Amino acid sequence: MREITLSQAVNEALAEEMRRDPTTFIIGEDVAEAGTPFKILSGLVEEFGTGRVVDTPIGEPGFMGLAVGAAMTGTRPIVDLMFGDFIFLIMDQLCNQAAKTHYMSGGKLTAPLVLRTNLGATRRSGAQHSQSLHALVAHIPGLKVAMPSSAYEAKGLLKTAIRDNNPVVIFEDKLMYQDKAEVPEEEYLIPFGVANVKRVGFDITLVGTSSMVQVAEKAAEILALGGISAEVIDPRTIVPLDMDTINESVRKTSRCIVIDEGHQSFGVTSEIAARIMEQSFYHLDGPVIRMGAMDVPIPFSPALEDITVPTPEGVAANARKLMAGEMFHG
């Protein structure tokens, strides 16, 4: 099977869905001629024109509001938010308008839009362009949240998001845009709320999101050298969250570490760990350990930035402690 980058997979998904459905359009800053700072959208304006690949002024609240209105009146906007850190600027349009449209109208209106944005540190982008803020929108009922871990997931999840009748936020890791994976040339979708067991194991479960799936897989390889068999699970979407697959794994292994690049406190790791302890408590041989980003603004210093997010070595070290029955917290 051919291999393409995550960036190319996103581009393909957008092109295919725009050819399939003439009501879809892209809106955001530098999406047309510039193709975004990461060049993901290169070539789309040449095929679909400036009427469907719409460059906007620097004004996130404005173009997000336009997208919500367009979605409510029969189109399917795909909003490109240049950096996930800018999500603070559009919280009212996204969380107080789009997320509630269906409910406030008694089901008469929907807001079928997609917000594409990114997350991730260690790119040397500073504290205001390196945050992982997916937990903020996962907290809001009415929004779905997808987190692709490879080019394959990025294409399948984005195509599903574009066809969904609810507002969907999809977070791509900035450092993964040039990562390659096998991606079929033929049509496929990845359903929301269906986790992927990336590696089968029997001693401990590692649940990772987005790029932390790769961290978990590398940690599993390290642990295997010491005779510890780790199962790796990629939830793919955190709203909806496939707890059936996670619980089935944890009840088999009896131990679990949840890894996410968002800040650890009040974050995705906390939510998943709490659900496991509520639903699988009597199958556990130890506490569910959370590993997220340190609760500090992402440092500008490369040396400091690199230690703010979970690493394979750190995950493997905590897994060994958990297997040994040591008392500690993540």
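Two strands pair if DSSP finds at least two bridges between them. Helices (H or I, at least four residues) and strands (E, at least two) are DSSP runs, numbered from the N terminus. This is a predicted model, where local features need pLDDT of at least 70, side-chain atom pairs count only at pLDDT 80 or more, and totals for chains, interfaces and linings use all residues. Residues are numbered from 1 along each chain as its sequence is written, and side-chain values use heavy atoms, without hydrogens and water.

**Exercise 1. Describe the pairing of S9 and S11.**

Step 1. S9 and strand S11 (residues 230–234) pair in the antiparallel sense.
Step 2. Three bridges join S9 and S11.
Step 3. Asn196 stands opposite Asp234 in S11.

**Exercise 2. Work out the order of the five strands in the open sheet, and find its edges.**

Step 1. The order is S9-S11-S10-S13-S14, with mixed pairing.
Step 2. Strand S9 (196–199) and strand S14 (289–293) stand at the edges. Each has a single partner strand, so one side of each lacks a neighbour in the sheet.
Step 3. From one strand to the next, the twist averages 25 degrees.
Step 4. H12 packs on this sheet and touches strand S10 (204–208), strand S13 (256–263) and S14. Contact means heavy atoms within 4.5 Å. The direction of H12 makes about 145 degrees with that of S13.

**Exercise 3. Classify the packing of H8 and H12.**

Step 1. Helix H8 (residues 212–225) and helix H12 (residues 312–324) pack at about 55 degrees, with axes 8 Å apart. Axes are lines fitted to C-alpha atoms, for helices over the stretch in contact, and angles run from 0 to 180 degrees between N-to-C directions.
Step 2. H8 is therefore oblique to H12. Under 35 degrees counts as roughly parallel, over 145 as roughly antiparallel, 65 to 115 as roughly perpendicular, and the rest as oblique.
Step 3. Val215, Lys218, Ala219, Ile222 and Leu223 in H8 meet residues of H12 including Pro312, Val315 and Arg320.
Step 4. The contact residues of H8 with H12 divide into eight nonpolar, no polar and three charged. Ala, Val, Leu, Ile, Met, Phe, Trp, Tyr, Cys and Pro count as nonpolar, Asp, Glu, Lys and Arg as charged, and the others, Gly among them, as polar.

**Exercise 4. Describe the packing of H9 and H10.**

Step 1. Helix H9 (residues 243–253) and helix H10 (residues 268–280) pack at about 65 degrees, their axes 10 Å apart.
Step 2. Among the H9 residues in contact with H10 are Met243 and Ile246.
Step 3. The contact of H9 with H10 has five nonpolar, three polar and two charged residues.
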